[in-house]
Amino acid sequence: MEEFEEKIIKSIKSDMLNQSTLVEETVMKEIQKMHDEQLNYFMVGLKKETEAYLEKETNDLRLSASSQLSQETLKIKHDLLKLRINQLLEGASKKIENFVKSSQYKEYLVENINLIKVTPTGIFTVRKQDEELFNELLKEKNITANVQTGYFRFGGFTYSDLENRLEYRCDLSEKLEESRLLFREHSGFIITEGSDDHE
C-alpha cells in the first residue's frame, strides 16, 4: 500500500512539474510577446521621431543654403553694380578732363558767361589753372568784374552778386553727378544715398 501511495505521490509531483513547466513556458511566451510588442511600439515611435527630426534638419539646411545662396547672389549683384558705377564715373571723369583740355572748353565758358548779367559788384570764382584764361575772356567781352580762385574738381566757374541776390553755377563736377543720376534713373538698380561708394 505504501508503494502505491508513493507512486501516486510521484505521479502527482510529475504532473505538477509538467503543469508548472507548461505554465512557466506560457507565461514566458506572454512576457516575450509583451516585450516584443512594447519594443516594437517604441521602435515605431523612435523611427517616427527620427524621421520628423531628420526632415526638420533637412528643411533647416535647405532654408539656410537657400538664404546663403540668396545673400551670395545679392553680394555678387551689389559688387557688379558697384563696379559698373565706378566704370561709368571713371569714364565720365576722363571725358570731362579731356573736354577741359580742349578748345571747346573756352567756348563753353564763353557761352555760360553770356547767360549772366554781370554787374560791377559781382564776383567770379574759378580754379587757379583757369584764372589767366578767364581774365582774358572777360577782357575780350569788355566785362569788368572781380575774379578769385577756388576749388573745382574739373573746371568751370561760379558767379555771385550778393547785392543783387544773384548766383550762377557752371561747375563741371555737376556733369559727373548728372551721369550718376542718369545711370540710377535708367538702370533699374537702387543706389543707396549717403554712401561714398554708391552702394
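**Notebook: rings and strands**

I began with the aromatic rings and found that ring pairs link F124, F134, F157, Y159 and Y168 into a cluster. I kept in mind that this is a predicted model. My search of the whole structure turned up seven aromatic pairs.

F99 has a relative accessible area of 22%, so I noted F99 as partly exposed. Y108 comes out at 17%, and because buried means under 20%, Y108 counts as buried.

Next I turned to the strands. I saw that β1 and β3 pair in the antiparallel sense over four bridges, and that F124 stands opposite Y159 in β3. On to β4 (residues 166–171): β3 and β4 also run antiparallel, joined by six bridges. I checked one partner there and found G156 bridged to D171 in β4. The hairpin of β3 and β4 has four residues between the strands, and R165 takes a positive phi near 50° in this hairpin.

Why is β3 largely enclosed by the rest of the structure? I counted along residues 156–161 and got five of the six residues buried, so that settles it.

Last, I checked the confidence. The protein averages a pLDDT of 79, and 82% of the residues score at least 70.

Key. Residues are numbered from 1 along each chain as its sequence is written. This is a predicted model: local features need pLDDT of at least 70, side-chain atom pairs count only at pLDDT 80 or more; totals for chains, interfaces and linings use all residues. Side-chain values use heavy atoms; hydrogens and water are left out. pLDDT is the predictor's confidence in each residue, from 0 to 100. Buried means under 20% relative accessible area, exposed over 50%, partly exposed in between (1.4 Å probe, protein chains only). Helices (H or I, at least four residues) and strands (E, at least two) are DSSP runs, numbered from the N terminus. Two strands pair if DSSP finds at least two bridges between them. Rings of Phe, Tyr and Trp (its six-membered ring) pair if their centres lie within 6.5 Å; planes under 30 degrees apart count as stacked, over 60 as edge-to-face and the rest as tilted.
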